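Dear colleague,

Please read them alongside the model.

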Amino acid sequence: LTLPQFVQLMENFVGEDISLPIVKRLTAFIKGEYKQTKEEKMKQREKVHRMSHVAQRKQLLEALFEKWDSKACGSLDLEEVIAALSKFKGHMGKEALMKAKEELCSRYPQLSKAGKLSPKAFQIFLDLIASKFTGNEDETMDNLVSFLTTSVEQSHIKSLQSSARRKWLQDIQKAAETCGTSMEPVYKAVIKALSQDMEAHGGNKTVSAYIALLEENQLSPEQGQVLLRYMACTADDAPYILNQVLHREMKGISFAAIEQGKPIYVPRVQHHGNIHFWSSDDPEEDKKGSLLVLPLYDAHWRVFGILGLDTLRDQSHKSIFLTHEITFYEGVCHAFSKAYHHVCMRENVLQVAVTALDWLYPRTPSIHAVTIYLVEPGTDKNYALCKMITTDNTGQKEIHRSPVVLLREENLLRDYLFKCTDSSEVTLTSIYGEHHIAVPLHDLSRQTLGIFDISIGQDKKLPPQEQKDLQKMLKMAQAACSEILWRFLEEREPTQVLEAEHVAHLRHAGILFHRFMLQELRECV
């Protein structure tokens, strides 16, 4: 138990109306009765040492990845990494390297096609290499990290450029973590990052940028099963591009970039012959400049859209994209993908919560209201809680498109919500005679992702059957949320059980709640 978890456990045990002398007696009893054997002390020390070592190594690997990824593109070239690693421990090292590469590519089938290593895949690759050597695996891993750290050099100018670019990419992720479930702040952060880089490192070229996402073509399937919808762009291009739709049969290179899974660069659009121009202000033969289209990948290396940039509005007509710029734009694609899927994950978690409440309310008339919060990360305990959904005693829901943000220091009466977040444990409280049960939704590392704040009015507890139904709902909601979080990781493809899941994909995450409910029912029969 962590300190917040221990305190929460004790508070739940003694209740609210307990007197101070009894609390002191309980404390004295625990101090007197709690004993720890030498074996337990040794195990605890070993565990702490191991956790400290793992955390330190993780920091070293992250620093090594950032140092190597000097252009802040968010991934490393697989063959470049292999070339550097091939000098580690001679022939024995090469043999271990090839075995590890084979295992890595079997775990990530799309990786060999893309030829890229994400931070997570990079760490797994090094773990696999270390496991192929005889002797102490931890020692081999430390030697491997040390060898690579000294092998990767970076000039001071490159270091400054990389640092600035990485800050802009972090701003994209921050926008995703503090926007509730709105994509607008993420789109703005992407366009801002591109503009800032152009000013600082791009010779102040005039660049148009746009993001288009794949979606199912429901209105005109004869023009192709999927289409590209332009969701965001630089301000001057909005009248021509925003919300436009590109079909596969139309002119353009976007679908070619999607199918090839690689960036396509056209240095001179006037000589290409297959470019789709959204603006019709000038004749096509007068349009000059460069065009770059980069595919957007999800965590499983599947393309879900494109990032496009062009210099058609640059009056010099000599503006081309340099190699260091293109690699940074790949980093922007990676950052946007992480941010986009983070927002999608939160949307799906809320969909599960809505479905769970729809199931619960007819069965629990004693519940007065439920409020659902999502946690917005911050430094240490300076996080915020976003009020996303509120329901009344009839189950009528209000979904807050502009969420109300709660800060700890401004909401003393709701401190129980922050205690619930800190401890990741159920928290009970009473405010002006109204009893609340705060229940955390956990992420995969058992940190608090969201909270169900359940009001049961003046009753101190629910009737037995309602309590049982509430516990069942919370269990299934947690199982469905964990499944969603797994789906957004690189490690695993989704496991689909119900036919409806094949049709809905992740658009109807609420189906997952009913799937887990059905599986439990089958186990009970």
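Buried area here is the accessible area (1.4 Å probe) that two parts lose on being put together, summed over both. This is a predicted model, in which local features need pLDDT of at least 70 and side-chain atom pairs count only at pLDDT 80 or more, while totals for chains, interfaces and linings use all residues. Residues are numbered from 1 along each chain as its sequence is written, and side-chain values use heavy atoms, with hydrogens and water left out.

The protein chain is divided into domain 1 (3-34), domain 2 (39-151), domain 3 (156-339) and domain 4 (343-524), with bounds that come from an automatic or database domain assignment. Seven residues from domain 1 and 11 residues from domain 4 make the contact between these two, contact meaning heavy atoms within 4.5 Å. Between domain 1 and domain 4 about 700 Å² is buried, and carbon and sulfur atoms give 41% of that area. Of the area that domain 1 buries against domain 4, Gln5, Gln8 and Glu16 supply 59%, more than any other three residues.

As for the cysteines, the count is zero disulfides, a disulfide being a pair of cysteine sulfur atoms within 2.5 Å. For Cys233, the nearest cysteine sulfur is that of Cys333, 16 Å away; Cys233 counts as buried, at 13% relative accessibility, where buried means under 20% relative accessible area, exposed over 50% and partly exposed in between (1.4 Å probe, protein chains only). Cys344 is likewise in no disulfide, with the sulfur of Cys179 the nearest at 10 Å, and Cys344 is buried, with a relative accessible area of 17%.

Best regards
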